Amino acid sequence: LYVTDYAHGTYEDNEISRNALAGIWVKNFANPIMRRNSIHHGRDVGIFTFDNGLGYFEANDIHNNRIAGFEVKAGANPTVVHCEIHHGQTGGIYVHENGQGQFIENKIHSNNFAGVWITSNSNPTIRRNEIFNGHQGGVYIFGEGRGLIEHNNIYGNALAGIQIRTNSDPIVRHNKIHHGQHGG
């Protein structure tokens, strides 16, 4: 599915799987509504928002994709609520190159790398999510990443619940970080 150039539309109850590139691409101010879709077993990213793409993503099941379940970059600003992002062969959510986004009340779990990666001047809001059972860390902020990380339940990850490095400057408040196999 490729939604671009100010396009809208409502996309519900679809199965999008086993594609060579991203299952869904949203760019250039496109602003679709996507609900209850299953995006899985892609050989790239599950959902890719970039070049100022927008979109409202609700109750989607995003799993077993080769790269991140959800990637945001280059001014994209999606709203992602009540989705399950899991069993990615790399990370769950990857926000980079000035990406934004609102990630609210999602379940992000069992990814091979971090549940959430934020880097390169990106500034997303990560609020009221369950981030758990990652094979590495829960939230990894590096390379001048920013963001608001609040009211999340982060637990059972193999590395740090939240790791902040290399000139990053997030706001981290009111999270519950527990039962990790490494530092909080």
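Reply: This is a predicted model.

Me: What does UniProt place at residues 6-142?

Reply: The unreviewed UniProt entry gives "domain: Carbohydrate-binding/sugar hydrolysis" for residues 6-142.

Me: Why is threonine 119 called buried?

Reply: The relative accessible area of threonine 119 is 8%. Buried means under 20%, so threonine 119 counts as buried.

Me: Where is threonine 119 found, and which residues does it touch?

Reply: Threonine 119 is in the loop between strand 16 (116-118) and strand 17 (125-127). Leaving out residues up to four places away in sequence, threonine 119 touches Tyr94, Val95, His96, Glu97, Phe142, Gly143 and Gly145.

Me: What does the side chain of threonine 119 reach at 3.0 Å?

Reply: That side chain reaches the backbone oxygen of phenylalanine 142. A polar contact needs a pair of N or O atoms within 3.5 Å, and the distance here is 3.0 Å, so the pair meets that cut-off.

Me: What is the phi of histidine 41, and where does this residue lie?

Reply: Histidine 41 has a positive phi of about 55° and is not a glycine. Most residues other than glycine have a negative phi. Histidine 41 lies in the loop between strand 6 (38-40) and strand 7 (47-50).

Me: Why is histidine 151 called partly exposed?

Reply: Its relative accessible area is 32%. Histidine 151 lies in the loop between strand 20 (148-150) and strand 21 (153-155), with a positive phi near 60°.

Terms used
Residues numbered from 1 in each chain as written. Predicted model: local features only at pLDDT ≥ 70, side-chain atom pairs only at ≥ 80, totals over all residues. Heavy atoms only, no water. UniProt positions renumbered as here; feature names shortened; annotations may be inferred. Helix = DSSP H or I, 4+ residues; strand = E, 2+ residues; numbered from the N terminus. Buried < 20%, exposed > 50% of the residue type's maximum accessible area, 1.4 Å probe, protein only. Polar contact = N/O pair within 3.5 Å; in protein donor to acceptor, adjacent residues only side chain to side chain. Contact = heavy atoms within 4.5 Å.
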